[in-house]
Amino acid sequence: MQFHHHGYVSGDPRVQPAAGVGINRPTELPDEVDVLIVGSGPAGMLTAAQLSQFPGITTRLVERRGGRLELGQADGIQARSVETFQAFGFAEQITAEAYWLTEMNFWRPDEQDPRRIVRGGRAIDDEMGISEFPHLIVNQARVLDYFAEVAANSPTRLTPDYGWEFSSLEVTDEGEYPVKVTLVRSAGPNEGQARTVHAKYVVGCDGARSKVRASIGCTLAGDAANHAWGVMDVLANTDFPDIRTKCAIQSHDGGSILLIPREGGYLFRMYVDLGVVPDDDNGKVRQTTIEQIIAKANEILTPYTLDVRSVAWHSVYEVGHRLTDRFDDVLAEDRGTRTPRVFITGDACHTHSAKAGQGMNVSMQDGFNLGWKLGHVLEGRSPESLLSTYSAERQVIAKNLIDFDKEWSTMMAKKPEEFADPSELEDFYVRTAEFPAGFMTEYKPSMLTAERTHQDLATGFPIGKRFKSAKVSRVCDTNPIHLGHQATADGRWRIYVFADAAQAGAQSPVADLAEWLANAPESPLAATPEGADLDAWFDVKVIYQQKHEDIDITAVPSVFKPAVGPFQLTDLEKVYGTAKDEDIFDVRGLSRDGVVVVVRPDQYVANVLPLTATAELGAFFAPLLRTGQPQH
């Protein structure tokens, strides 16, 4: 973590100095805003936290509740989400309080006595080392708290506006703030009073019953629910031996349980199979009582017993898979004629079962994808066409998720005798581990994602997939660190220059590239506003093939050691060598001739190029950069 470059900091360095709209930020919701976010769920809070890093953008988040969420329904945090938390600066804290999911056990009927269940198999949660971060279980409310803290400590001092419910909107195409939004006071003083807010953009993060979705004419379509589950968070005593391990439990004829231990050492969640829902049920299954859910759980757990002492939360839900055909307000026939003004995220545009643990995780990636794009357009970094990539990218990902979740939830609902092999469920869990961990997302070629023309130069950084970190050694202080962990959610592009075998300071392709980056009018760095730090829009790092002790940092080109802050202090933390115990060139399949890896602000690889391909690098960024005055 870097600070002091704007002067000595004696307090918490995570609290950034107020700047821009954060100086004397009005307490009351203003009449005009750049971005109005509706809903403070995971997607809404992440979008707000991302936009809070742009000091010149007025972002407000409205929530119909009167205060913070106290009890969240989602709890599974996939490793991809923890990578995202790292970028926002709170992975270490939330990991410390969370339950670590390292193994999943599979229980099935005893072949000798099918009325009893026995442990049939164990599976390591991340046997292939997909991520250096663990799979976590933690209350959704705590996730929102951490994002709220990031936003509140940001230059814009963003905090939610509680007690406002979205009523309707109209895109007028008039003036600077063309989206007219009607809100109603839902809590606090003047409850029931309506008011109007005008916005440049609106982001609907208001759940499966989204009014924002309805206001832009989108509908959720998909499979009707036909299977019900009772879910409960409980404190209980039991003789079931794996109560603190995630388990898939299949009984002979009583149904199934998905057991998920919760943070804190005592609480756990059970998804209890309530069976197929008849067509004429008309919602009766939702009237299942907590006593009936507990009795059903005891039936499935035979010969073990469950003595529930306290119920923190319970519900009944029916598995349904639904998706909208677009994630913004631009109709299919209007694509290319205008850019979006209204967006929807998370459950507002895709719903699925809870058992694959994807709802909160995928919703957050929706927000991460959209947040920086809105920031770049509103700041004047990028053209408005960038905003059309949100729906194009995320709708495909949601469709893939739903296809996976259908298969997983169907298998969870099967009876043991319906499996061709007793270990079929366990095998599926292991075989598909990368998908639920959040790492199967792969963006297709677009203005943001290049073709794989030079992919062979960096086989471990597939274009379109997330940048998978690896160890390096920072030259200036000799610290062994993870390269990917140095990329914060600050809205900047990353350009990683993996050097050829030449020493720093020698005439080489790296030296030529550095000269071009710093001085060529076609360089993306040339778009950096006058008066801003050289790395304000682009974070350029170099990784040499030598160990840190063999690199002369004084010989490293200045573009990798930019002067920053009002005192123009030299930043020495962008120069790396290979780690002593792990050579990133070998681990990530990087060419020894050198390679440039371009990474988006949301951590996905956008391009892979030879060190000499300056024309291609300039051409890639040209349509993404816009010069001139900011739009706000």
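Reader: In this predicted model, which side chain meets that of E393 in a salt bridge?

Author: The salt bridge of E393 has an N to O distance of 2.9 Å, which falls inside the cut-off of 4 Å. E393 lies in helix 8 (residues 388–413) and its partner in helix 7 (residues 359–379), so the pair ties together parts that are 20 residues apart in sequence.

Reader: How many salt bridges does the structure hold, and which one links distant parts of the chain?

Author: The structure holds 44 salt bridges. One that links distant parts of the chain has a residue in strand 11 (residues 194–204) and another in the segment before strand 1 (32–38), 164 residues apart.

Reader: Is C218 buried or exposed, and how many disulfides does the count come to?

Author: With a relative accessible area of 5%, C218 is buried, and C247 likewise counts as buried at 0%. A disulfide requires cysteine sulfur atoms within 2.5 Å, and the count comes to zero disulfides. For C218, which is in no disulfide, the nearest cysteine sulfur is 8.4 Å away and belongs to C349.

Reader: Where is the residue D173, and what is its phi?

Author: D173 lies in the loop between strand 9 (164–171) and strand 10 (179–185), where D173 is exposed, with a relative accessible area of 62%. Most residues other than glycine have a negative phi. D173, which is not a glycine, has a positive phi, near 60°.

Reader: What is the phi of Q603, and is Q603 buried or exposed?

Author: Q603 has its place in the loop between strand 28 (595–599) and strand 29 (605–609). Although Q603 is not a glycine, its phi is positive, at about 80°. At 12% relative accessibility, Q603 counts as buried.

Reader: Which residues does a cis peptide bond join?

Author: Most peptide bonds are trans. The cis bond has an omega of about 20°, and its proline lies in the loop between helix 6 and strand 17 (306–318). The residues joined are T302 and P303.

Conventions: Residues are numbered from 1 along each chain as its sequence is written. This is a predicted model: local features need pLDDT of at least 70, side-chain atom pairs count only at pLDDT 80 or more; totals for chains, interfaces and linings use all residues. Side-chain values use heavy atoms; hydrogens and water are left out. Buried means under 20% relative accessible area, exposed over 50%, partly exposed in between (1.4 Å probe, protein chains only). Helices (H or I, at least four residues) and strands (E, at least two) are DSSP runs, numbered from the N terminus.
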